[in-house]
4 protein chains.
Amino acid sequence: MRTAEQYLDKLRSMRPNVYMGGELVQRDDPRLIPGINIMSETFNYAADPRHKDLMVATSHITGQSINRFCHIHQSIDDLLKKQEMTRFLCTRTGGCIQRCMGVDALNALSVITKEMDLRMGTKYHERFTGYLKYFQENDLVGNCAQTDVKGDRSKRPHEQADPDLYLRVVEKREDGIVVRGAKAHNTIAPYADEIIVVPTRMMTEKDAAYAVSFAVPADTEGVYLVTRATAPRTRKHLKVKEYGSADSLTIFDNVFVPWERVFMCGETPFAGFLAMLFALFHRHSYTGCKPATTDVIMGAAALVAEYNGVEKAPHVRDKLADLIAVAELVYGTGIASAVKAKRYASGTYVPDPVFANVARYHAGINVYHEFDILADLAGGLPATLPLEEDFFNPVTGELLHKYIMRNPEITAENQHKCFRMLSDMLCSAHAGVMQVAGIHGGGSPIMEKIAIMGQYDIKSKKAIAKRLAGIED
Amino acid sequence: MRTAEQYLDKLRSMRPNVYMGGELVQRDDPRLIPGINIMSETFNYAADPRHKDLMVATSHITGQSINRFCHIHQSIDDLLKKQEMTRFLCTRTGGCIQRCMGVDALNALSVITKEMDLRMGTKYHERFTGYLKYFQENDLVGNCAQTDVKGDRSKRPHEQADPDLYLRVVEKREDGIVVRGAKAHNTIAPYADEIIVVPTRMMTEKDAAYAVSFAVPADTEGVYLVTRATAPRTRKHLKVKEYGSADSLTIFDNVFVPWERVFMCGETPFAGFLAMLFALFHRHSYTGCKPATTDVIMGAAALVAEYNGVEKAPHVRDKLADLIAVAELVYGTGIASAVKAKRYASGTYVPDPVFANVARYHAGINVYHEFDILADLAGGLPATLPLEEDFFNPVTGELLHKYIMRNPEITAENQHKCFRMLSDMLCSAHAGVMQVAGIHGGGSPIMEKIAIMGQYDIKSKKAIAKRLAGIED
Amino acid sequence: MRTAEQYLDKLRSMRPNVYMGGELVQRDDPRLIPGINIMSETFNYAADPRHKDLMVATSHITGQSINRFCHIHQSIDDLLKKQEMTRFLCTRTGGCIQRCMGVDALNALSVITKEMDLRMGTKYHERFTGYLKYFQENDLVGNCAQTDVKGDRSKRPHEQADPDLYLRVVEKREDGIVVRGAKAHNTIAPYADEIIVVPTRMMTEKDAAYAVSFAVPADTEGVYLVTRATAPRTRKHLKVKEYGSADSLTIFDNVFVPWERVFMCGETPFAGFLAMLFALFHRHSYTGCKPATTDVIMGAAALVAEYNGVEKAPHVRDKLADLIAVAELVYGTGIASAVKAKRYASGTYVPDPVFANVARYHAGINVYHEFDILADLAGGLPATLPLEEDFFNPVTGELLHKYIMRNPEITAENQHKCFRMLSDMLCSAHAGVMQVAGIHGGGSPIMEKIAIMGQYDIKSKKAIAKRLAGIED
Amino acid sequence: MRTAEQYLDKLRSMRPNVYMGGELVQRDDPRLIPGINIMSETFNYAADPRHKDLMVATSHITGQSINRFCHIHQSIDDLLKKQEMTRFLCTRTGGCIQRCMGVDALNALSVITKEMDLRMGTKYHERFTGYLKYFQENDLVGNCAQTDVKGDRSKRPHEQADPDLYLRVVEKREDGIVVRGAKAHNTIAPYADEIIVVPTRMMTEKDAAYAVSFAVPADTEGVYLVTRATAPRTRKHLKVKEYGSADSLTIFDNVFVPWERVFMCGETPFAGFLAMLFALFHRHSYTGCKPATTDVIMGAAALVAEYNGVEKAPHVRDKLADLIAVAELVYGTGIASAVKAKRYASGTYVPDPVFANVARYHAGINVYHEFDILADLAGGLPATLPLEEDFFNPVTGELLHKYIMRNPEITAENQHKCFRMLSDMLCSAHAGVMQVAGIHGGGSPIMEKIAIMGQYDIKSKKAIAKRLAGIED
């Protein structure tokens, strides 16, 4: 397993293809460091013996110890541990741990390559296993690029005015394929080693060129990572470890992919299945990370209530209980999704889709509600707190420390730290990104409802009603 | 194990002490039959080999096959099966299966009698085990009487103007105790074999006379069961099996209880623990029954949408998905509660309290919302549907059948049956009872919030926030 | 103006055509009395000088004093008074005052007959005015029959398998028309003098036979009123004035209507306009009656909180404030709808449609929520309260009075009365009818959303956004 | 009336006492310009003859034409126009118009100074009228500084460890008073002419030093404006007029106020009344501005739905209707609040408090919900949209324009402009400030609930319930 340092060294050695603010930048650009800091924690905690049980797994192909973020789930317990690890790490970084994307894509591919081989006589699974071995041995960080830019939402891929609005194979060669298109919302991509591409939706026969899945190094020729990075405001005085994230619009401008890295190419009946499977594993990951973001909000809410001296007030306790209910319903239903997992032919355990989807759905519809509760309990100060420097200016500093005092047990400095954090959590660009990601990441609530309705046995429920009504089928 | 017939025979042999509508009635009074019909199903399904795995358990004390409603949970799997059995049976009867009360009380007593013995040197566990053996061997139906009438809500038991407003020991004799007081909302009691009494709350030293638990046959001298029965309207033409329930205010007017049936008498530190434990087991039962009532509502909603010809309409699918989300979040979190159960000294597995409480809470706050969805999709007809007899009157019958037609694929008779059921589900006294029971049964949402806040580790969440804010403890 | 007695005498003199429970019944059938009691109040209060300002208006056609329920709104103040009168009366009867239907239909017809005359050269307005004069002079009670049974919801009227599934003209004669069909959910019809029929929806040219409006006496030959009556349980001991309602499915089996009572016949472009106008006046009425039903719920909630001794508890006050917010948002927005009314060519003031619809919508989506709050604060007793007779039985009466005691300031009798009322409000068939009527009466929430989207100027809102985005049109 | 230029010139002439980011800055600091731009619009529109009716009023003291933001409401119509003006201007600037604070404080003082004179024999009203004349003649911009920093929330002002945690009179002199303390969340203060101070709460006799109200020029000696400014990101290419806001923590460090500017000094019984009155006028202003912010959100939501090609989708229309309902319930109830206004002894019209509070409450509890809807309809792109400069970089610009295409009717540039605006609306620091201000500005939802419960006649509602229950008082 790599160290955080080795990971960063590798990033520095890559071909520059990250664009940000109109410029081509290095992968260790300061704006990317908050995201890289998060990624580093996935190596740090894996190296810490106290967290070994959670962070380290045994590869089913090599028998080696590997970072759990490279592991294919071999049991219900693996799924439970991934969920638990995700919640734990996200409470440490205050939000999305990001590296789940890669492992979720790998798990989906482990299943689908086997299923395609079984039903269509292809040879993808062995090819994929070779790639997985490389991935595990090098302890890589993978982005999963799924969402196409999609153009006109009322048209299928092959019907678009510009055929590139979904990523597609533009050429098949003896040694590989050439692809063109763009994938949106690629968190982690600017500081990932690998980009793993999967389809975004079901494909019809006419969309065959769009039924494609592959992996490339993130700095491959023809790949452009147009990036937006977000993190809370940089501190000058009240230093804390900075965590953040970055997303790219990932453009594939005639990118060559050798066959050994191609995992689907034209198998249209499996495109939607792969899209759904990745989403399913990823939604199960959300049953770990979303409770963690609620933990952070809940902790901040309880803290500011204490600092304001109103921790025992009934309306405060009522709202904290609301937050607990959201967190634990999502986490609990995620546990059920793992416990009711199904083993596929490849040996991979796949979480129960109904439980995973209702859990992710419940998390998604509550994101803004959670911020609402935090803002309600925090009061107006997060929006109007004077800037950090004013607290250290000789004219105003002392006055500001005088007037920020509340509960006399808590120092002015800690009051300041508490509200500085709240200001970042509620009133920064990063806060908005967390909100939007909280709704749409891994699939918007409406997507989960579609997934639920697609898989739920409504007919058996109608049969219950008919029986009670005395209606014979 | 008994048959439904044996159960009914026993009821008929009991001393009449059920009062209803101003009269002393027999236990097979027609108004009680709908509830007895539900109870009978717990015997019928246990006798059906197809349902043996779910319905039948092995006694840990006798090794005999017993009805799962008499079983002490010996494993996580037992808890999962109880939950699954509960959901299954409740979809068959269209609502509360009722018999869970008894098994939940027995499980709580199995734990608490052992804990008391260990910490206070008492001998309750052996006594309880004797009673349990009798209960299992006779396949009894137990009511659990917990909620005292409580008088002035702002006062503790010993502070009440009338000391009987909480049930208490009025005399200790060599051969047993004499108790006085009343317990409210005792579903099933009018057709139960046994009444198991547990405290309703924490008790202080001054409330020692109120820290009492015991079991008596339901027809014991001095016990009055003042009863209210509810069921959907009786059908004259569109016959279906009638299911319903009955609750009693159970009055103990100087009732003698022999020592071998007394399981707590003055051990105040354990009164609140027992109250909480019964509630916990019972809330875990709700993670089975509430999804079932949602199944019934969901099935009826999907059915009427089909009958109206709007099943594919987006707003219909959206609302069905809402119902699914409620059902499966509650059920999924109930599974988590079982999976994270803790084994106590007695060997009994106790569900995780946070998961059980958030699940019951989520069910409780959604009850009226679910009826809202059903009413929304059903339209106004459930409220204005002419009475059953008008559909069979020579003057109006044909006209009514003509004008109830909707989707031409569905017969007028089935349309009628569907709306007749909806009318009962939405616009009967029984509907109101289901709503109120859905909120308050097993503990109102506010009680679950109190339980959650009492057991959740908020401090660790504040530590998460402090760490992110850079605040040192 | 009539007295309540004269109204009842008239009912007794009518031809029996009310069917209930399989029988032809008299209009003073005991099951109809609770509804008739409500209707009587509209006469009683009009005769009471203390309420004259609210209850009595001056006819714009005769200059005579008339019951406001017969009046065409001549000013904003008339609309405000109608709203206020409606709220007042509904708090007295504990729910729907019912007589608003008639006045709402008359107002809609006053507008539409004039508009048709102006644009199509018809002579309806004079004819209608003649009818109105008769209606006002005889102080009549009118039902408005709008909702057709509608058959297959995915088909228009003329496309139905059975053409009668919407009410239609089957014959035009020299002296009038013959109609066939059925109208559903006709509250008040069994004890109304007149039935006023309006279309239920927009009609296309092919639906010309369905674009029909007229009025007939409720006992006209060929009219069948198949009736369902609801009221809280009849009291034997704790007597209160009984209020309730009844709805009929009103079947028109080849009913002859003379031309002087026909107000639309084939003017398809105006069918939807009339449907919408009646709905609009009726939704404005709901801005009066729905706050009243909230007043009743709020009052009951505050009362039971006092009787339980928890009136000052923060969660109680919080929930009462929620109820107040619902009531006053609906009422306030209803006031705005009146204040922003538009005068039409006939001189009638028509409430603002957006305000009226959002107000009715808000009321509709909160109905079950309000019952939820009441049930939450009332506790489980409304569902399990022993029957009235048991409180007066020599064996159980004293015990029940003993154990119902709470706040010692309140007598057992008053506690009983309070919970008896709550039991009827929450756990009776009548409660379910109130809930369903609260959603669907005057148009379901989805109908108001459709009305809102049909009339709101979304384009101007997009222009606001474009301007801020710097997008030029 | 002043021009925007004159207003700005005045700002430039003021003594610098604005601190921001650790520095003393000029009042035309670039970070303050977006806020000043908003203020300028209040002068621009008043000078525009097309908006004269809305923007210009006639002073009741001088008879001169004045900006409505300086006017004391002399009629219901004045209140209606203020509300309408507020909504109009806020749609132009995309958010809070800010200048309402001053006029709301002046109106409150006009009432309270008269009431104090009448009941306590003081001479405040004449003094206030002199100040008002000066304010109107100079067309001033006033901040209202109400919210004290408040220290320990569980203690009253005089009980605080540091007595300055509420602003107080530290010295009374012959020529005036000296005050010390700090007021928080003072929007507009850094570019206002005047700061008007009012108490934040009820005061007891012991808090007499805190019952103080006065006005000072914003650059008075001893006043420190520690400022935080917010605005959407500055544009480099897609230029739009920049609007924003700034808040200060306003510190009064021994500030002298001459008597002619003191409007309350020790009249404790009126401190709470003044606090409430200002809040009431300000909440009525919110019934204008909050619908405007909903208009902006609604317009943006409809626009992005059109640009994505899904404008007719049922779930889109459903959500737009939700937004309309919020906007028009708040606006409509604000109208009712004006229509039911009460004239006080000073001649000032005061809005109805229950309607104003429920309207502001409804706005406050829906703020995050509205952002949720917008984020839901906008999708993930607002969070991941590449920075503006990348769209104009020669390497990536063309590719980004290619891949942002959706509905082919809309140019890439307009798509970009739309999503750039959405990114600012959802994912900027400004967005967070709008959210927090939307909850807490003018009083948090819990404050409105307290105000509602303080003024609502719950007793009359209990009487309704008692009457229906047959309970005699």
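**Figure 1. Thr187(A), a buried residue in a predicted model.** Thr187(A) counts as buried because 24 C-beta neighbours lie inside 10 Å. The cut-off for that label is 20 or more. The model shown here and in every other view is predicted. Thr187(A) has its place in strand β7 of chain A, which covers residues 176-187. What does Thr187(A) touch, leaving aside residues up to four places away in sequence? The contacts are Gln98(A), Met101(A), Ser245(A) and Asp247(A). In UniProt, an unreviewed entry places the annotation "binding site" on Thr187(A).

**Figure 2. The C-terminal domain annotated in chain A.** UniProt lists residues 274-470 of chain A as "domain: HpaB/PvcC/4-BUDH C-terminal", again in an unreviewed entry.

**Figure 3. Chains D and A about their axis.**

**Figure 4. The side of chain D that touches chain A.** Here 69 residues of chain D are in contact with 69 residues of chain A. Several elements of chain D each supply at least two residues to this side. The strands among them are β1 (18-20), β7 (176-187), β10 (223-230) and β11 (245-258). The helices are α9 (353-378), α10 (381-384), α11 (397-403) and α13 (429-440). Which helix gives the largest share of this side? It is α13(D), with nine residues. By type, the residues on this side of chain D are 37 nonpolar, 20 polar and twelve charged. Both copies use the same surface: 100% of the contact residues of chain D recur in chain A.

**Figure 5. Two loop residues with positive phi.** Asp139(B) is not a glycine, yet its phi is positive, near 50 degrees. Asp139(B) sits in the loop of chain B between α6 (124-137) and β5 (142-145). Is Asp139(B) buried or exposed? It counts as buried, because 20 C-beta neighbours lie inside 10 Å. In chain C, Ile188(C) also has a positive phi, near 80 degrees. Ile188(C) belongs to the loop between β7 (176-187) and β8 (194-197) of chain C. Ile188(C) is buried too, with 27 other C-beta atoms within 10 Å.

**Figure 6. Strand β11 of chain B and its partners.** Strand β11(B) spans residues 245-258 and is mostly covered. Of its 14 residues, ten are buried. Strand β7 of chain B (residues 176-187) runs antiparallel to β11(B), and ten bridges join the two. Val179(B) has Val255(B) in β11(B) as its bridge partner. Strand β10 of chain B (residues 223-230) also pairs with β11(B) in the antiparallel sense, over eight bridges. There, Thr230(B) stands opposite Ser245(B).

**Figure 7. A six-stranded open sheet in chain C.** The strand order is β2-β1-β10-β11-β7-β6, and the pairing is mixed. Which strands stand at the edges? They are β2 (23-25) and β6 (168-172) of chain C. Each has a single partner strand, so one side of each is left without a neighbour in the sheet. On average, neighbouring strands are turned by 25 degrees against each other, direction ignored. Strand β1 (residues 18-20) and strand β10 (residues 223-230) of chain C run parallel, joined by two bridges. The bridge partner of Tyr19(C) in β10(C) is Val226(C).

**Figure 8. Strand β8 of chain C, covered on both faces.** Glu194(C) and Ile196(C) are buried on one side of β8(C). Ile195(C) and Val197(C) are buried on the other. Strand β5 of chain C (residues 142-145) runs parallel to β8(C), with four bridges between them. Cys144(C) stands opposite Ile196(C) in that pairing. Strand β9 of chain C (residues 212-217) is antiparallel to β8(C), and four bridges join them. Ile195(C) has Val216(C) as its bridge partner in β9(C).

Terms used: Residues numbered from 1 in each chain as written. Chains lettered and ligands numbered in written order. Predicted model: local features only at pLDDT ≥ 70, side-chain atom pairs only at ≥ 80, totals over all residues. Contact = placed C-beta atoms within 7 Å. UniProt positions renumbered as here; feature names shortened; annotations may be inferred. Buried ≥ 20, exposed ≤ 12 C-beta atoms within 10 Å, placed from the backbone. Nonpolar A, V, L, I, M, F, W, Y, C, P; charged D, E, K, R; others polar. Pairing = 2+ DSSP bridges. Axes fitted to C-alpha atoms, helices over the stretch in contact; angles between N-to-C directions.
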